[in-house]
Amino acid sequence: ETEAMKILFAASEAYPLVKTGGLGDVVHALPRALQQQGMDVRVILPAYRLILEQIASLRIAGWLQVQGAGRMHMIRILETDDHHLGVPLLLVDATDLFDRPGSPYLHPDGYNWHDNAERFTVFSRAVAQLASSGDILDWKPDVVHGHDWQTGLLPAFLKLIPEAPTSVYTIHNLSYSGVFSHEEFTHLQLPSEWWSADATEFFGNFSMLKAGIVFSDKITTVSPTYAEEIQTPGFGYGFDGVLRSNHHKLKGILNGIDQDIWNPATNSYLPVHYSLKHRYLAGKRSNKQALLEQLGLFLQDDQLDTPLLGFIGRLVEQKGVDLLLQIIPSILDNHDARIVILGSGEKHYESALREMAALYPQRLLLTLGYSEELAHRIEAGSDVFLMPSRFEPCGLNQMYSLRYGTPPLIHHVGGLADTVVDATQENLENGTATGFVFHEPSAASMLHAVERALKLYQNTAEWHKLIRTAMAQDFGWTKSASEYIQLYSEIT
Ligand code: ADP
Ligand code: GLC
């Protein structure tokens, strides 16, 4: 029997311990899927206070001396018996940097920690040192797999160490690129030869994400369409050139979803369970009723026919919140419909939504904040799920909504384009339609799709068929995990 390939995942978040978006979901689900296919996978995260508070037993596996910003850090590598992830979890414990309240990236007042450059440089350096020696863990990975800008320097540090493992670097979102000044570059004592356009230099600053692109052995991103888009100026955020010159090692692999967690037949947040085989219409209707009651609307049964449009997401430009805001009056003034929104993010979006909700009491139901429970209930209780993202590397919510029988309405970009089939006449007839697609990032284009959806909703037979096709889609991790395994095997 051949020995299992050893993979070390390094990231800044992992559900359910710490999650701010889809990255957390992926770092939870992909390692398990790889493990199920025979890989020996471990995950390493920074030892944020939030994580330490959730973990019962910790062992100190060893110490590392790691260069920070003009100072050395004594780092502890912690091993845990924690089962939250379903694969072994390791932590980089640098008390000065990570033992702080709240979010992984932000001060409780909402701004970035002033020392994020140092925090994630130290994390990346520690992981590179740990992975290259194998002494501390008595385990040496064959491949180190880093995610997003927080681990961008990891492939670069690995290249400085003889006998280091190879690396895969996954871009989940190019618009967060870990850009810092020359002064920080110097303080962090990064090799001076990296200050070059061929390495990490980026328009007069340096970018950790660029380091990942340049120094990794393979780059992936989270959908095939986004892998193409980011090589163009419109989606490249200044990285399209370096991505084009590295396209030989770039591959788009679609994210999966965790079908055990996002399962309407078993999820414990849902007041009523349902599945394609069991009462999906009645089940969705009961969830809709319960959701509306939770939001303060107590309705007669026949009032439940009014279509409910759902939105969940970070309130940032990426998610097309402005498009949604522009068309809410047209939707609610001209149609019998309701809209339910859950999100948190930029203050100007929060206040614009609050003002809009005040104009449409009982019809625009707004919750500002973060709630896994409400997210599941909105996915289940809505009739249409809105995802008008201006760009979307992959997007998970549209796949969750398919699984929950809630046809998504999407802008044709990135992973959205790869996962939703438009309800055109032809696609409805041949039974492939799963949602609604619009092509221009404009209010008019989105509104047109919403009106198509509201019209089709009146056609009960067609609508039920759309729901059934949506629920029958399989976006589990099995296929994507084997694509990653193929990639790992090309560099070991
Ligand atoms: P992104 O990672 O860009 O935020 P994704 O669609 O990949 O977008 O993943 C978003 C994840 O975060 C989903 O699991 C979604 O349900 C969750 N999410 C986003 N905002 C909220 C919120 N306010 N409350 C609960 N879950 C949220
Ligand atoms: C990012 C992207 C999102 C993707 C997620 C997980 O946050 O914005 O599209 O689904 O990462 O890969």
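In what follows, a residue is near a molecule if one of its heavy atoms lies within 4 Å of it. The model is predicted. Its chain is divided into domain 1, made of residues 6-256 and 478-491, and domain 2, made of residues 280-471. Two ligands are described here, with 21 residues around ligand 1 and 14 residues around ligand 2.

**Surroundings of ligand 2**

- Among the 14 residues around ligand 2, those that come nearest are His-172, Asn-255, Glu-392, Cys-394 and Gly-395.
- Asn-255 places an N or O atom of its side chain 2.8 Å from an oxygen atom of ligand 2.
- The side chain of Gln-318 also has an N or O atom beside this ligand, at 3.0 Å from an oxygen atom of ligand 2.
- The backbone takes part as well: a polar backbone atom of Pro-393 is 3.5 Å from an oxygen atom of ligand 2.

**Surroundings of ligand 1**

- The residues that come nearest to ligand 1, out of the 21 around it, are Lys-19, Gly-22, Arg-314, Lys-319 and Gly-369.
- Lys-19 approaches through its side chain, where a polar atom lies 2.9 Å from an oxygen atom of ligand 1.
- Gly-369 approaches through its backbone, where a polar atom is 2.8 Å from a nitrogen atom of ligand 1.
- A polar backbone atom of Leu-396 is 2.9 Å from an oxygen atom of ligand 1.

**Contact between the two domains**

- The centres of domain 1 and domain 2, taken over C-alpha atoms, are separated by 33 Å.
- Domain 1 contributes 20 residues to the contact, and domain 2 contributes 18 residues.
- The size of an interface is often given as the accessible area lost when the parts come together.
- For domain 1 and domain 2, the area buried between them is about 1400 Å², with 57% of it on carbon and sulfur atoms.
- One salt bridge is counted between domain 1 and domain 2.
- Eight residue pairs, both members at pLDDT 80 or more, are in polar contact between domain 1 and domain 2.
- Helix H1 (22-36) and helix H8 (224-229) each supply at least two residues of the side of domain 1 that touches domain 2.
- H8 gives the most to that side of domain 1, with four residues.
- Sorted by class, the side of domain 1 that touches domain 2 holds eight nonpolar, nine polar and three charged residues.

**Backbone features in loops**

- The peptide bond from Tyr-15 to Pro-16 is cis, its omega being near 0 degrees.
- Pro-16 is placed in the loop between strand E1 (6-10) and H1.
- Glu-163 is not a glycine, yet it has a positive phi of about 65 degrees.
- The loop that holds Glu-163 runs between helix H5 (153-159) and strand E7 (166-171).

**Salt bridges in the model**

- The count of salt bridges comes to 23.
- Asp-115 and Arg-100 meet through their side chains in a salt bridge, at 2.6 Å from N to O.
- Asp-115 and Arg-100 are 15 residues apart, and each is in the loop between helix H3 (95-98) and helix H4 (116-133).

**Position of Glu-79**

- Glu-79 is found in strand E4, which covers residues 72-80.
- Leaving aside residues up to four places away in sequence, Glu-79 touches Ser-57, Leu-58, Arg-59, Ala-61, Leu-89, Leu-90 and Leu-137.
- Between Glu-79 and Phe-436 there are 46 Å in space, C-alpha to C-alpha, and the two are 357 residues apart in sequence.

Terms used: Residues numbered from 1 in each chain as written. Chains lettered and ligands numbered in written order. Predicted model: local features only at pLDDT ≥ 70, side-chain atom pairs only at ≥ 80, totals over all residues. Heavy atoms only, no water. Domains from an automatic or database assignment. Contact = heavy atoms within 4.5 Å. Buried area = accessible area lost by both parts, 1.4 Å probe. Salt bridge = Lys/Arg side-chain N within 4 Å of Asp/Glu carboxyl O. Polar contact = N/O pair within 3.5 Å; in protein donor to acceptor, adjacent residues only side chain to side chain. Nonpolar A, V, L, I, M, F, W, Y, C, P; charged D, E, K, R; others polar.
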